[in-house]
Amino acid sequence: MWRILGLKDSVFGVFYILNEGPSRRNVGQWQRRWSILLLMLDSGQVLRHLINSRYGWSSDLVNVTNTFDIVRVLTSLIPNVVPRVIFYVAAHALVLTAVVDTAYVAHLFRNSNLKQMWPVKILRFLVAGLVTTFFASVLGWMLYPADCVQAADQSFSALMHGPGAPCSPWGSPEAAATLPSVVLAAVFVAFSLMTTLLSFEVNPLSQAVRASCTGRVETLWNIVRTLCIILGLLSYYITPFLVAAVILLLSAALMRAHLAILPFHSHAENMCRGGIYCAVCWTAMASLAVSAMGRLRSDGAPAPSWLVFLQWTLIGGIPLVFVGGLVSVKAGRRHVAKRIERIRRDWQAGPAASAAEPHASSARRRSMPPSANVQSVIQGGAAGAPPAARTGSIAGPASLFD
């Protein structure tokens, strides 16, 4: 029991330290623009995984939309100079460094020894790079031995046995690399989910770039990114139609949660996220439709021209859907503002007005001069006295004691 409580305190300490520093920094416009640019970079990696030939998209369209993923474009330019196995090793090294550094920061927190800030700075840098911006690419590189969806000459089995070898991630000796990769990838996904869930800032005046009141929406976005990659790899074994359906349901739930909560303190961040989530939802729906049309066309013939035109039309609608997401977030913000204004008016017209009336009366009495106060008392007493008292007779005052 004490070990569990100590582990909870350590986890709380790690994420408190990670969020404590950046929440008090002044953020300029260029930093916010850079954050949005990195967010677009992250979304491009997700869209590239959804627009894939395994769902039935035409090869020409896939080659064009691969440019959405800038990381893939840069890494594909140097395959002959830097083989893909180098990225596989680098991804494992970065994830192991992040996990070890997290354990070290937790150890420093438990021992109340936070004089060494360099481990915290390294952890912030790794979380910003691995969890936020390059999550999809890093997870894809880590699962390289289990990737049988890519071209056969680029698989891990072809690297081990030579060109033309069939993809067999659980064969020999591929299993020696596949099993540790899957285990470390699971640790990386759990670390990312815990980071996004516990990284939030309740202070609405926080100056952090991505400060949010809750981490639930960001965690759901992390789940969507994870399933885009893992289910995409499993589409080699299961139907792509089911994969697209699951991603569509999750992305729709993500968009609904974002519009309901609007978690980020920055309105620009909420709008950009809303546009990206809406674009991902649209792309998942388009992949589902294309996959369904592919199931109906089971003869293996090339796609007809009308189907290719429809695919290009669906992809061309992504910018419009992105703008629709921006408008939806803006409308949601206006709706929240109207609700707050209605609650404020109801409060002012209800208990607040009743509670403020005695204070207003006493304030008016205090503001009156002494002569006016005496005159009001005399007039009030005279108004309530019997007629004899108002005429000044002797029986008037005596009747007050009857």
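**Reading salt bridges and burial**

Me: Why are glutamate 269 and arginine 273 separated by about one helical turn?

Reply: Because they sit four residues apart in helix 12. Helices are DSSP runs of H or I, at least four residues, and are numbered from the N terminus. This is a predicted model: local features need pLDDT of at least 70, side-chain atom pairs count only at pLDDT 80 or more, and totals for chains, interfaces and linings use all residues. Residues are numbered from 1 along each chain as its sequence is written, and side-chain values use heavy atoms, with hydrogens and water left out.

Me: How many salt bridges does a search of the whole structure find?

Reply: A salt bridge is a side-chain nitrogen of Lys or Arg within 4 Å of a carboxyl oxygen of Asp or Glu. The search finds six. One of them joins glutamate 269 to arginine 273, at 3.3 Å from N to O.

Me: Which residues are linked in a network with Arg273?

Reply: Glu218 and Glu269. Glutamate 218 meets arginine 273 at 2.7 Å, N to O. Glutamate 218 lies in helix 10 (residues 216-234) and arginine 273 in helix 12 (residues 267-296), so this pair ties together parts 55 residues apart in sequence.

Me: Are glutamate 218 and arginine 273 buried or exposed?

Reply: Buried means under 20% relative accessible area, exposed over 50%, and partly exposed in between (1.4 Å probe, protein chains only). Both are buried. Glutamate 269 is buried too.

Me: Where is leucine 193, and what does it touch?

Reply: Leucine 193 is in helix 9 (residues 175-198). Contact means heavy atoms within 4.5 Å. Leaving out residues up to four places away in sequence, leucine 193 touches Thr219, Asn222 and Ile223. Its relative accessibility is 25%, so leucine 193 counts as partly exposed.

Methods: Helix = DSSP H or I, 4+ residues; strand = E, 2+ residues; numbered from the N terminus.
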